[in-house]
Amino acid sequence: KKEEPVPLAERRFHQANEPQPRGGAAQQAEAALWVSEVSLSPETPVRGDDLSASVRLSDPDAVGAALEYEWYLNGQRQDDSWEEKLSGEKTKKGDWIYCRARALMAGEAGEWTKSELVKVLNTPPELRLGPVGEIAVPGEFQYQPDAGDADNDELTFELLAPKDKGIVLDSRSGRLTWALSAESVKGLGEKAEIRLAVSDGEARAEGTITLSFTGATKQAELP
C-alpha cells in the first residue's frame, strides 16, 4: 500500500518535539546559561586573606544545579583548590588571581565563566613601641623599636620629631640614641615626644614615645 505523504505542518510539529541528542552543542549552550557572573571577595586582598568566589546564575530559581570551581594563581591552575574558597596561605604580594566556575545540570557541564583578575596588594608595616624604663639625666637614652612586615619587605625607619635635639636614628635597624643633658632637654617642659615612622616603600606606620620628666630621671611612657 502506497504511503500518503505527511503534510508539511505535521512534519515540522514532530521535528520540533523530537528529543535532542544529549551532549550536543545546543545543549552545551543552554547549560552555559546557568552561570552569568563570577565575582571575588575581597576585591583588594592582601597577603593572608582567604578569597571567596560568588556565582550568579542566570536562573536563580534553578533546582538541582551543582557548581564546579577552578582557581588560577599567576596563570597556573591550582589543582588542590576546587571549592569556592582559596586559602590565603597560597598567596603573596603581587600575585594575580582569578577563578572560573561552571554549572553542572542533569549530568551536563556548561561553559566556564571567568571572574575578573584581582591582585594581592601590599600590606602596610607594623610599628610596635614598648616601654623603655627609667633614664638618668645626664645619660644616654637608647631604644629599639619593634617593626614587622607581612610581605617581608625591606623596612626603613625615619625620625619625624624632634629633629633638633640631637636624636640619632639608624634608618635600617631603627636603633634610636639620644645623649641626654640639661642642654638637650632644655625647653621641652615636663614631657618629650619622639615620633617615629617605618616604611616598606609603599606604605608606612607611625608611632610616638612619650618621655615624662620626673626629677633626675626620665620615665618613658606610651600614650
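**Close-up 1. The side chains of S52 and K85 meet in a polar contact of 2.7 Å.** This is a predicted model, and here we look at S52, a residue of strand β2. With a relative accessible area of 18%, S52 is buried, because buried means under 20%. Setting aside neighbours within four places in sequence, S52 is in contact with S39, L40, S41, W71, E84 and K85.

**Close-up 2. S58 sits in the loop between β2 and β3.** Strand β2 covers residues 51–57 and β3 covers 66–73, with S58 found in the loop between them. The relative accessibility of S58 is 42%, so this serine counts as partly exposed. Look for S36 here too: S36 and S58 are 22 residues apart in sequence, and their C-alpha atoms are 5.5 Å apart in space.

**Close-up 3. Three strands form an open sheet in the order β12-β16-β15.** The pairing in this sheet is antiparallel. β12 (139–143) and β15 (168–169) stand at the edges with a single partner strand each, so one side of each has no neighbour in the sheet. Strands of a sheet pair through backbone hydrogen bonds, in a parallel or an antiparallel way.

**Close-up 4. β15 and β16 are joined by two bridges.** β16 spans residues 176–180, and the two strands run antiparallel.

Conventions. Residues numbered from 1 in each chain as written. Predicted model: local features only at pLDDT ≥ 70, side-chain atom pairs only at ≥ 80, totals over all residues. Heavy atoms only, no water. Pairing = 2+ DSSP bridges. Helix = DSSP H or I, 4+ residues; strand = E, 2+ residues; numbered from the N terminus. Buried < 20%, exposed > 50% of the residue type's maximum accessible area, 1.4 Å probe, protein only. Polar contact = N/O pair within 3.5 Å; in protein donor to acceptor, adjacent residues only side chain to side chain. Contact = heavy atoms within 4.5 Å.
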